[in-house]
Amino acid sequence: MVIYEREVDWVMIPQHHHGLLSGDIARHWNSAYIKGTERWSEVIFAIAQHDRGWIDLDATPFWMIGPISLIPSSIFL
């Protein structure tokens, strides 16, 4: 999960959504600058799916590992 803290809240973006966005961006690359495009659709698919392994973990995020908090201490101030 991609997480960034704003002034009063957090934004949490699932990794797979980041991957899908990466695929959308790659689809717009100018193929004139890319060598060997015969398998381009497979490359785009791989880019879009590169974070698929995070789907289940992002669906149920955890914030503690034993005594160690994964939440920055600034959130508690």
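With which side chain does the side chain of Gln15 make a polar contact? The partner is the side chain of Asp51, at 2.9 Å. A polar contact is a pair of N or O atoms within 3.5 Å; within protein, one must be able to donate a hydrogen and the other to accept it, and residues adjacent in sequence count only if both atoms are side-chain atoms.

The model is predicted: local features need pLDDT of at least 70, side-chain atom pairs count only at pLDDT 80 or more, and totals for chains, interfaces and linings use all residues. Residues are numbered from 1 along each chain as its sequence is written, and side-chain values use heavy atoms, with hydrogens and water left out.

The secondary structure of the chain comes to three helices and four strands. Helices (H or I, at least four residues) and strands (E, at least two) are DSSP runs, numbered from the N terminus. Along the sequence the pattern reads β-β-α-α-α-β-β. The chain has 77 residues, of which 16% count as buried. Buried means under 20% relative accessible area, exposed over 50%, and partly exposed in between (1.4 Å probe, protein chains only). The accessible surface of the chain is about 6200 Å². Carbon and sulfur atoms hold 62% of that surface. Such areas come from the Shrake-Rupley method with a 1.4 Å probe; for residues, only the protein chains shown count as cover. Among contacts with a separation of 6 or more, 54% join residues 24 or more positions apart. Contact here means heavy atoms within 4.5 Å.

Strands E1 (residues 2-5) and E2 (residues 10-13) run antiparallel and are joined by four bridges. Two strands pair if DSSP finds at least two bridges between them. E1 and E2 form a hairpin, with four residues between them. Glu5 has Trp10 of E2 as its bridge partner. Met12 also lies in E2. Met12 counts as partly exposed because its relative accessibility is 40%. Met12 and Val2 are ten residues apart in sequence, yet their C-alpha atoms are 5.7 Å apart in space.

Helix H1 covers residues 15-27 and includes Gln15. With a relative accessible area of 15%, Gln15 is buried. Leaving aside residues up to four places away in sequence, Gln15 touches Met1, Val2, Asp51, Trp54 and Asp58. Ser22 is another residue of H1. Its relative accessible area is 18%, so Ser22 is buried. By the same exclusion of residues up to four places away, Ser22 touches Ile47 and His50.

Helix H2 (residues 40-49) has Trp40, Ile44 and Ala48 as its buried residues. Seen down the axis of H2, these residues fall within an arc of 75°, so they line one face of the helix. The arc is that of the directions from the helix axis to the C-beta atoms. An α-helix has 3.6 residues a turn, so residues three or four places apart point the same way. H1 is included in what covers the buried residues of H2.

One aromatic pair was found. The rings of Trp29 and Trp40 have centres 6.0 Å apart and planes at 45°, so the pair is tilted. Rings of Phe, Tyr and Trp (its six-membered ring) pair if their centres lie within 6.5 Å; planes under 30 degrees apart count as stacked, over 60 as edge-to-face and the rest as tilted. The pair links distant parts of the chain, eleven residues apart. Trp29 sits in the loop between H1 and H2, and Trp40 in helix H2. Trp29 is partly exposed, at 45% relative accessibility.
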